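Please walk me through this model. I would like to see how its parts are arranged and how the terms are defined.

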2 protein chains.
Amino acid sequence: MSSNTAKQSKSTYARKTVAFIVYPKIKLLDLSGPLQAFSDAKNLDGKSAYSVVVVSSSGSSVCTDTCVSISSEPAADWFRRRIDTTIIVGGNGVFKAIEDANLLSQVTRLAGRSRRVGSICTGAFILAECGLLNGLRAVTHWDSCERLAVNYPSVTVEPNPIYVQDNNTWSSAGVTAGLDMALAMISEDLGRQAALTLARSLVTYLIRPGSQSQFSEALNVQITDSVGRFFS
Amino acid sequence: MSSNTAKQSKSTYARKTVAFIVYPKIKLLDLSGPLQAFSDAKNLDGKSAYSVVVVSSSGSSVCTDTCVSISSEPAADWFRRRIDTTIIVGGNGVFKAIEDANLLSQVTRLAGRSRRVGSICTGAFILAECGLLNGLRAVTHWDSCERLAVNYPSVTVEPNPIYVQDNNTWSSAGVTAGLDMALAMISEDLGRQAALTLARSLVTYLIRPGSQSQFSEALNVQITDSVGRFFS
């Protein structure tokens, strides 16, 4: 599917819509890494490859887990519009969010209209609560994997990878891993060269494969290296 | 200085204020990587080590280069308050921002009150326009280093590193490099262990040293590797 998608995108330059679903107390960096990647991604003609939207239940300003609030559009405005990819953001507010029947209904409706669905960090709990991970492999932040597995036994939680793709449902590990998942999705859509050009523009160290451990060897070396080699 | 600061911080747990200065059309990820790092950083007692604020000229909602706008406080509210670190965010709007005399005056005033000053990505142009990089080494996004050097000959532009520290003035390369600079500042303040714990929480691949090239070897391998090894 990925090569067909890439060919279609290259020949028609159809702009895909990516919708991010947010709620109070999301983790700002969970959203902004992938949001920046999709916003900056370009087709071969140098024009934006995606139309990106951030939606919430109310469509009003949404507080994050930092000092800033962000603007959003009402999710209901998108019930009849074309969406390529729906992504659920994580954050400390997720455990209150999964008790919000209205939000869950909106997530189910938007995800049902999408070719591809994804979650970042603890956003996986919302997908799971909606039943959208039933029978699928998925991941979340390393400190929440056990909770996800216990609470949703029909989900096969893989605690190690930084992102997991099971058919058209993707999930990513914590925070910065969301950027890697987004780059992989963009590579699937636009081709590998477009993703690498974008990574270079964002000055990322590398595009991590999904199989990359949440506890990277490079970081483990730094943690066990008492002389502090990460300083220049 | 760094070891003294770390000792002070560990013994008193004084919460330091970090002020981010924004303007229309900042790059969202320039802000949100470092903002998330300082927001999440903890002292040994598990409490927040920093008080973080985002300020703009007007104190109203500020558009970013993505679909979202973010909240901010008026910069003038901080003219008489204690600030530890002032950081100028980059983005496409920077070349209009450097023509805004009011903003430059506010940056100069807030930076003058701060123990430490930093810039992310093209935010270096604002520091340079304010004369705050005169006689110092600095870096910006790789595609803007030549422009910074030509426009501000009193600045010694180092085009390669992902961040540069010259006395109490820091500058970082593009986008994701801002997170590495923030982690290095946090390590200087709170100690290396706190920074590594934070990096693990954010699921970063590693804490990159300032000397890390903007064009990482790892990404270069992926770019020159035609078989697409970044997929799992």
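B:Lys25 is partly exposed, because its relative accessible area of 43% falls between the cut-offs used here: buried means under 20% relative accessible area, exposed over 50%, and partly exposed in between, with a 1.4 Å probe and protein chains only. B:Lys25 sits in the loop between S1 and helix H2 (28-40) of chain B. Helices (H or I, at least four residues) and strands (E, at least two) are DSSP runs, numbered from the N terminus. The phi of B:Lys25 is positive, near 70°, in a residue other than glycine. In chain A, A:Lys25 lies in the loop between strand S1 (16-21) and helix H2 (28-40). A:Lys25 is not a glycine either, yet has a positive phi of about 70°, and at 43% relative accessibility A:Lys25 counts as partly exposed.

This is a predicted model, in which local features need pLDDT of at least 70 and side-chain atom pairs count only at pLDDT 80 or more, while totals for chains, interfaces and linings use all residues. Residues are numbered from 1 along each chain as its sequence is written, chains are lettered from A and ligands numbered from 1 in the order in which they are written, and side-chain values use heavy atoms, with hydrogens and water left out.

Chain A has 9 helices and 11 strands. Of its 232 residues, 61% are buried. The accessible surface of chain A comes to about 8900 Å², and carbon and sulfur atoms account for 49% of that; such areas come from the Shrake-Rupley method with a 1.4 Å probe, and for residues only the protein chains shown count as cover. Contact means heavy atoms within 4.5 Å. Among contacts in chain A between residues at least 6 apart in sequence, 68% join residues at least 24 apart.

A:Val55, in strand S2 (residues 50-56) of chain A, is buried, with a relative accessible area of 0%. Beyond its neighbours within four places in sequence, the contacts of A:Val55 include A:Phe20, A:Ile21, A:Trp78 and A:Leu110.

Two strands pair if DSSP finds at least two bridges between them. Strands S6 (residues 83-88) and S7 (residues 114-120) of chain B pair in the parallel sense over 5 bridges, and B:Ile83 stands opposite B:Ser114 in S7(B).

In chain A, helix H7 (residues 177-190) has 14 residues and reaches 20 Å from its first C-alpha to its last, close to the 20 Å expected at 1.5 Å a residue; the expected span is 1.5 Å times one less than the number of residues. H7(A) is mostly covered, with 14 of its 14 residues buried, and is followed by A:Gly191, whose phi is positive, near 100°.

The cysteines come last. A disulfide is a pair of cysteine sulfur atoms within 2.5 Å, and by this rule the count over all chains is 0. A:Cys145 is in no disulfide, and the nearest cysteine sulfur, that of A:Cys121, is 9.7 Å away. A:Cys145 counts as buried at 5% relative accessibility. The sulfur of B:Cys130 is too far for a bond, because the closest cysteine sulfur, in B:Cys121, is 17 Å away.
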